[in-house]
Amino acid sequence: RVLRNLRKLAPEGDERASSLLLDQVEFAQVEVVASYTSYGNEPSTQTFNSNLLSRGIQILLPHLLEDNSLEWLDSETGENLGITGISLAQIVVVPALSVDESGMRIGQGGGSYDRALKLNSGWKVCLLHDGELFEGQLPRETYDQKVDAVVTPTKIIRFS
């Protein structure tokens, strides 16, 4: 059902979502952010990542390994920081197909981000299109990791 709804969403408002995210208090003193390069119908991270670099913020980007683990690369130097590199990030921007009312996210199903998020104590946030918030409770497994907030082009939702 989530994937069906995703195909109907227009990729608009990505710059508004990026601005709203960068205006959050968590970005006031940040030095390292784990982000990603969006693809397909995901909200674009291009403007967001460019803005981070223009502020002198280091970006860590994921690289998927054969075992579905993520290792982290410095976006500018290409330096491989390994699987534990995510622990350096004060903020992690996490891709998601949808997030429910409790902050539980659903991704592509490989568990890559759930394993990586266990290694990070920073602020975890998803960029979503309006309409990708799930009303009710998404299916969950014991290893699933919640996010602290969701940002869309029109709002930010923080989970307690």
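The model being predicted, local features need pLDDT of at least 70 and side-chain atom pairs count only at pLDDT 80 or more, while totals for chains, interfaces and linings use all residues. Residues are numbered from 1 along each chain as its sequence is written, and side-chain values use heavy atoms, with hydrogens and water left out.

The radius of gyration, taken over C-alpha atoms, is 15 Å and agrees with the value near 15 Å for a compact globule of 160 residues, by the rule of 2.2 Å times the number of residues to the power 0.38. Along the principal axes, the C-alpha trace spans about 40 × 35 × 30 Å. Of the contacts (heavy atoms within 4.5 Å) with a separation of 6 or more, 68% join residues 24 or more positions apart.

Turning to secondary structure, the protein has 4 helices and 10 strands, assigned as DSSP runs (H or I, at least four residues, for helices; E, at least two, for strands) and numbered from the N terminus. Their order from the N terminus is α-α-β-α-β-β-β-β-β-α-β-β-β-β.

One residue gives a handy close-up. Ser-18 lies in helix H2, residues 14-22, and is buried, with a relative accessible area of 2%. Neighbours within four places in sequence aside, Ser-18 is in contact with Thr-47, Phe-48 and Asn-51.

Methods: Buried means under 20% relative accessible area, exposed over 50%, partly exposed in between (1.4 Å probe, protein chains only).
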